Amino acid sequence: MTKLSVNINKIATLRNSRGGDVPNVVQFAKDVQIFGAEGVTIHPRPDERHIRYQDAYDLKPEVYTEYNIEGNPIPKFVDMALQIKPTQVTLVPDAEDAITSNAGWDTVKHKDFLVDVIKEFKNNGIRTSIFVDPELHQIEGAKEIGTDRIELYTEAFAHQYGLGNESAIKPYADCADLANTLGLGVNAGHDLSLDNIAFFKQNISGLLEVSIGHALISESLYMGIENVIAQYLQKLK
């Protein structure tokens with residue numbers, strides 16, 4: 001079964017909007033694990049507009065499933081990850097002013113930089129994943145840089161699937177097949193939801209993990225977090 005990692009950035013956004021500690025991100029992380037989530041994902045950005053760097057440290061002793069920290073490997077991020085040693089670091093090439101992740105790495109252009117960063121994490125026992133667009137040459141490049149896994153950037157699929165274009169899954173399926181052949185693990189994330197997750201899962205071979213935040217939290221406003229997590233787990237079987 002594909003693992004569900006719940007991205008809790010939106011909980012931190014809600015907390016920060018009032019300047020206090022409600023909702024509490026650590027308690028929320030505890031709860032989603034109790035409700036069945038097999039991982040917790042955070043994505044701290046330099047401006048700390050949602051998850052703060054301190055949150056990353058506070059969560060460490062409370063995440064007993066998979067702890068996945070995403071981000072652009074600027075020095076502050078790298079130092080934090082090396083101190084915390086999460087289960088997985090997912091490298092994302094975010095611009096500092098990006099509202100959300102909007103592109104994968106160019107694994108060919110940035111090969112030398114990524115090789116060094118990934119080597120540092122792996123030398124410290126941290127599994128690495130790299131955010132990539134569904135392009136075969138980027139998967140080949142990911143193999144060359146030494147990452148353990150790729151995370152397929154699924155926004156384009158989600159958009160097209162919502163328009164009724166099921167053929168939008170093909171480049172993702174092809175990339176997953178290539179990754180499996182090359183010995184790379186396959187993760188996925190961005191705009192996956194209860195509406196599209198089952199179709200995506202059924203068509204992606206060897207899908208190890210999905211990281212879902214915005215849609216899952218939004219769906220929970222109507223249906224409740226425990227119920228929504230249960231629905232995702234059912235669809236990911």
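Colleague: Lys85 first. What does it count as by relative accessibility?
Modeller: Lys85 counts as partly exposed, at 39% relative accessibility. Buried means under 20% relative accessible area, exposed means over 50%, and partly exposed is in between, with a 1.4 Å probe and protein chains only. This is a predicted model, where local features need pLDDT of at least 70 and side-chain atom pairs count only at pLDDT 80 or more, while totals for chains, interfaces and linings use all residues. Residues are numbered from 1 along each chain as its sequence is written, and side-chain values use heavy atoms, with hydrogens and water left out.

Colleague: Where is Lys85 placed?
Modeller: In the loop between helix 4 (75-84) and strand 4 (88-91). Helices (H or I, at least four residues) and strands (E, at least two) are DSSP runs, numbered from the N terminus.

Colleague: And what is the phi of Lys85?
Modeller: Near 55 degrees, a positive value in a residue other than glycine. Most residues other than glycine have a negative phi, and most peptide bonds are trans.

Colleague: Which other non-glycine has a positive phi?
Modeller: His190, at about 115 degrees. His190 sits in the loop between strand 7 (185-189) and helix 9. His190 counts as buried, at 14% relative accessibility.

Colleague: Which residues does a cis peptide bond join?
Modeller: Val22 and Pro23, with omega about -5 degrees. Pro23 belongs to the loop between helix 1 and helix 2.

Colleague: On to packing. At what angle do helix 10 and helix 11 cross?
Modeller: Roughly 125 degrees, and the axes of helix 10 (residues 214-223) and helix 11 (residues 225-235) come within 7 Å. That makes helix 10 oblique to helix 11. Axes are lines fitted to C-alpha atoms, for helices over the stretch in contact, and angles run from 0 to 180 degrees between N-to-C directions. Angles under 35 degrees count as roughly parallel, over 145 as roughly antiparallel, 65 to 115 as roughly perpendicular and the rest as oblique.

Colleague: Which residues of helix 10 are buried?
Modeller: Ala215, Leu216, Ile217, Glu219 and Ser220. Their cover includes strand 1 (3-7), helix 1 (9-16), helix 2 (25-34), strand 8 (207-212) and helix 11. Gly224 follows helix 10, with a positive phi near 90 degrees.

Colleague: How far apart are the axes of helix 6 and helix 8?
Modeller: 9 Å, for helix 6 (residues 136-145) and helix 8 (residues 170-182), at an angle of about 25 degrees. Helix 6 and helix 8 are therefore roughly parallel. Leu136, Ile139, Glu140 and Lys143 of helix 6 meet Asp174, Cys175, Leu178, Ala179 and Leu182 of helix 8. Contact means heavy atoms within 4.5 Å.

Colleague: Now rings. How many aromatic pairs?
Modeller: Eight. Rings of Phe, Tyr and Trp (its six-membered ring) pair if their centres lie within 6.5 Å; planes under 30 degrees apart count as stacked, over 60 as edge-to-face and the rest as tilted. For Phe131 and Tyr153 the centres are 5.0 Å apart and the planes at 45 degrees, so that pair is tilted.

Colleague: Which strands hold Phe131 and Tyr153?
Modeller: Phe131 is in strand 5 (residues 127-132) and Tyr153 in strand 6 (residues 149-153), so the pair ties together parts 22 residues apart in sequence. Phe131 is buried at 3% relative accessible area, and Tyr153 is buried at 7%.

Colleague: Which residues form one aromatic cluster?
Modeller: Phe157, Tyr161, Tyr172, Phe199 and Phe200.
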